[in-house]
Amino acid sequence: KILIRENLYKQRRGLAMGNNLSPILAIIFMHHIETQIPRELILLWARYFDDVLTVTLCPLTEILPLANSINPNIKFTLELPDETNSIPFLDTKVTMNQADNSITTEWYTKACHSNHVLPYDSHVPLQRKICLIRNEKQRVIRNCNGDPSKIHSALAFLYKRFRSNGY
């Protein structure tokens, strides 16, 4: 039960936010859901908590009703690729080249991203700030599929992000 502005609310289903066990139980539950979707229809299924990227042999509009029928409390939604045949997944923009059926990736940030990172003048050990820069750089390189021009432009953007936060 939780009290918000003098109103008492009771959670009827789901997992409590902030509970240490909630992420583990959510992973187990979603694994149970996704194992009931026929794998012969799916070429790729990548999931991070409730974000799923899938490549299928049939239209997703055929798989979506099946996935949504497994549990009445879990509803999958569909986001289709844009005009460049790209779709964002977490911090990666995935593009399918239909000419040769290849997939390319690049680093992605949402348009609404604030560009804030840990400020340089914050009272955090220098080593943590160095690790933040190194890890962000590694993510950019990993997500850019080895394409030097994409890596260069993404690193330039990342450089500006850190500079604007006092680095």
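This is a predicted model: local features need pLDDT of at least 70, side-chain atom pairs count only at pLDDT 80 or more; totals for chains, interfaces and linings use all residues.
Residues are numbered from 1 along each chain as its sequence is written, and side-chain values use heavy atoms, with hydrogens and water left out.

**Overall layout**

- You'll find four helices and seven strands in the protein; helices (H or I, at least four residues) and strands (E, at least two) are DSSP runs, numbered from the N terminus.
- Starting at the N terminus, the order of elements is β-β-α-β-β-α-β-β-β-α-α.
- The radius of gyration is 20 Å, well over the 15 Å that the globule rule gives for 167 residues, so the protein is more spread out than a compact globule. That radius is taken over C-alpha atoms, and the rule is 2.2 Å times the number of residues to the power 0.38.
- Along its principal axes, the C-alpha trace spans about 60 × 50 × 25 Å.
- Of the 167 residues, 23% count as buried (buried is under 20% relative accessible area, exposed is over 50%, partly exposed is in between, with a 1.4 Å probe and protein chains only).

- Strand 5 (residues 86-89) and strand 6 (residues 92-97) run antiparallel and are joined by four bridges.
- Phe89 has Thr92 of strand 6 as its bridge partner.
- Two residues sit between the strands of this hairpin, and Leu90 takes a positive phi near 60°.

**Salt bridges**

- The whole structure holds five salt bridges, each being a side-chain nitrogen of Lys or Arg within 4 Å of a carboxyl oxygen of Asp or Glu.
- One of them pairs Glu34 with Arg47 at 2.7 Å, N to O. Glu34 lies in helix 1 (residues 22-34) and Arg47 in strand 3 (residues 42-48), so the pair ties together parts that are 13 residues apart in sequence.
- Glu34 is buried at 8% relative accessible area, while Arg47 is partly exposed at 22%.
- Asp91 and Arg142 also meet through their side chains, at 3.8 Å, N to O. This pair links distant parts of the chain, 51 residues apart: Asp91 is in the loop between strand 5 and strand 6, and Arg142 is in helix 3.
- Asp91 is buried, with a relative accessible area of 15%, whereas Arg142 is exposed at 53%.
- Lys150 and Glu106 form another salt bridge at 3.7 Å, N to O.
- Salt bridges with shared partners join Asp91, Glu136, Arg139 and Arg142 into one network.

**The second largest pocket**

- A pocket is an open set of points on a 1 Å grid over the protein atoms alone, where a 1.4 Å probe fits, with protein on both sides within 12 Å along at least five of seven lines; lining residues have an atom within 4 Å of a point.
- Of its 13 lining residues, Asp91, Tyr108, Thr109, His113 and Arg139 are the closest to the centre.
- Helix 3 (residues 126-143) gives the most to this lining, with three residues.
- By class, the lining has five nonpolar, three polar and five charged residues (Ala, Val, Leu, Ile, Met, Phe, Trp, Tyr, Cys and Pro count as nonpolar, Asp, Glu, Lys and Arg as charged, and the others, Gly among them, as polar).

Terms used: Two strands pair if DSSP finds at least two bridges between them.
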